[in-house]
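This report describes the fold of one protein chain, part by part. Please look over the sequence and the structure before reading on.

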Amino acid sequence: MKLRRIGREGPEVFPLGLGCMGMSEFYGSARESESIAVIHRALDLGVNLLDTADMYGIGENERLVGRAVADRRDRVLLATKFGVVRAGNPAGRGINGSPEYVRAACDASLARLGVDHIDLYYLHRRDPQVPIEETVGAMAELVRAGKVRWLGLSEVSARTLRRACSVHPISALQSEFSLFSRDVEESVLPAARELGTSLVAYAPISRGLLGGALPPASELADGDFRRAAPRFTSENAEHNERLVARIREISNEAGLSPAQLSLAWLLAQGEDIVPIPGTKRLSYLEQNVAATDVELSERTLSALESAVPPGAVHGERYPDMSHIDR
């Protein structure tokens with residue numbers, strides 16, 4: 001298996017990482033024992049990039065990941081994020097990128113994870129009240145202190161990425177990227193490539209939409225945030241399901257599941273792209289990892305471009321897009 005590198009001088013990783021968010025929140029209930037089993041199986045399959053954040057489960061996801069890797073830390077590239085502040089209010093969202101908060105958030109994450117350093121530390125969302133240079137400058141201090149090894153940003157514009165890289169190399173940019181979310185192709189991905197920043201693609205199966213068998217939003221479990229997500233609501237669901245139906249046809253022709261086809265398409269977009277599909281089920285994990293062995297034909301790639309051109313999907317990615325730096 002050919003590994004992929006995070007940044008110009010960063011670590012090598014398996015072509016897919018594992019998003020751990022849903023193991024604690026946002027996608028209905030989960031069992032810790034099953035989630036830990038998924039993490040262990042991922043490591044056994046060669047997956048070494050685990051992605052969490054301090055806001056997932058208001059710290060509980062970091063604790064879960066920390067427990068899962070406590071006896072196998074040397075096999076893991078731990079990535080976590082800071083900057084989205086919930087402060088005991090599950091429904092509330094604040095953004096804090098101040099240097100003081102950078103330092104405090106890092107120490108808190110280290111304690112929850114039970115480790116002495118974080119491999120890849122992301123600013124989860126840019127704070128519009130704090131110059132990005134100040135936030136990244138504080139993050140760079142963490143690198144010099146040995147608390148963090150590599151730096152990342154999440155959901156920032158090409159301009160913000162350039163400004164950040166003027167302070168310290170940014171090894172990874174985490175953005176939503178999939179057949180259904182291709183905004184990054186316009187300016188963000190070209191800038192990242194120019195700057196030597198890898199793109200870590202979250203929601204590569206579009207939160208299950210590209211899996212091919214998602215129930216209507218109204219039938220999703222209580223606590224599943226997709227119940228209110230624009231792409232899943234009734235006014236957009238019918239149109240988007242027609243796109244998914246075409247993807248199912250193409251996946252059947254290729255002998256793949258729709259999710260595997262979607263991941264294989266993303267992997268084919270460049271060796272500087274590392275998708276991090278999230279799952280809390282062993283069967284889905286193993287299907288996802290199998291996609292790394294797939295090489296799509298030009299015919300299949302062309303069929304996908306025709307079936308789902310950029311902008312084809314209806315509905316925004318989030319109910320409120322104001323926190324996305326554009």
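## Terms and model

Arg207, for instance, lies in the loop between E11 and H7. The model is predicted.

## The sheet

How many strands does the open sheet have? It has 8 strands, in the order E3-E4-E5-E8-E9-E10-E11-E12, and the pairing is parallel. Strands of a sheet pair through backbone hydrogen bonds, either parallel or antiparallel. Strand E3 (18–19) and strand E12 (273–275) are at the edges, and each has a single partner strand, so one side of each has no neighbour in the sheet.

Helix H3 (residues 99–113) packs on the sheet, where it touches strand E5 (77–82), strand E8 (118–123) and strand E9 (148–154). The direction of H3 makes about 135° with that of E8.

## Strand E11

Strand E11 covers residues 198–202 and pairs with E12 in the parallel sense over 3 bridges. Val200 has Val274 in E12 as its bridge partner. Strand E10 (residues 172–176) also runs parallel to E11, and 5 bridges join the two. Here Gln174 is the residue whose bridge partner in E11 is Val200.

Is E11 mostly covered or mostly open? The strand is mostly covered, with 5 of its 5 residues buried.

Ser206 is in the loop between E11 and helix H7 (234–254). The phi of Ser206 is near 55°, which is a positive value in a residue other than glycine. Arg207, in the loop between E11 and H7, also has a positive phi of about 55° although it is not a glycine.

Buried means under 20% relative accessible area. Ser206 has a relative accessible area of 2%, so it is buried. Arg207 has 9%, so it is buried too. Because exposed means over 50%, Ser234 counts as exposed. From Ser234 to Leu304 the separation is 70 residues in sequence and 24 Å in space, C-alpha to C-alpha.

## Nonpolar cores

The largest nonpolar core has 78 residues. Leu18, Ile39, Leu50, Leu153, Phe177 and Phe180 have the most contacts inside this core. Helix H8 (residues 258–267) gives the most to it, with 7 residues. A second, separate core has 16 residues, including Leu120, Ala172, Val200 and Tyr318.

Which residues does Leu18 touch, not counting those up to four places away in sequence? Among them are Met23, Val38, Ile39, Ala42, Val47, Leu49 and Leu50. Leu18 also touches Ile276, Pro277, Thr279 and Leu285, among others.

## Helices H2 and H3

Two packed helices are described by the angle between their axes and the distance between the axes. Helix H2 (residues 60–69) packs with H3 at an angle of about 45°, and their axes are 7 Å apart. That angle makes H2 oblique to H3.

At this contact, Glu62, Arg63, Val65 and Gly66 in H2 meet Ser109, Arg112 and Leu113 in H3. The contact residues divide into 2 nonpolar, 2 polar and 3 charged.

Conventions:
Residues are numbered from 1 along each chain as its sequence is written. This is a predicted model: local features need pLDDT of at least 70, side-chain atom pairs count only at pLDDT 80 or more; totals for chains, interfaces and linings use all residues. Side-chain values use heavy atoms; hydrogens and water are left out. A nonpolar core is a set of buried Ala, Val, Leu, Ile, Met, Phe, Trp, Tyr and Cys residues joined through side-chain atoms within 4.5 Å. Buried means under 20% relative accessible area, exposed over 50%, partly exposed in between (1.4 Å probe, protein chains only). Helices (H or I, at least four residues) and strands (E, at least two) are DSSP runs, numbered from the N terminus. Contact means heavy atoms within 4.5 Å. Two strands pair if DSSP finds at least two bridges between them. Axes are lines fitted to C-alpha atoms, for helices over the stretch in contact, and angles run from 0 to 180 degrees between N-to-C directions. Angles under 35 degrees count as roughly parallel, over 145 as roughly antiparallel, 65 to 115 as roughly perpendicular and the rest as oblique. Ala, Val, Leu, Ile, Met, Phe, Trp, Tyr, Cys and Pro count as nonpolar, Asp, Glu, Lys and Arg as charged, and the others, Gly among them, as polar.
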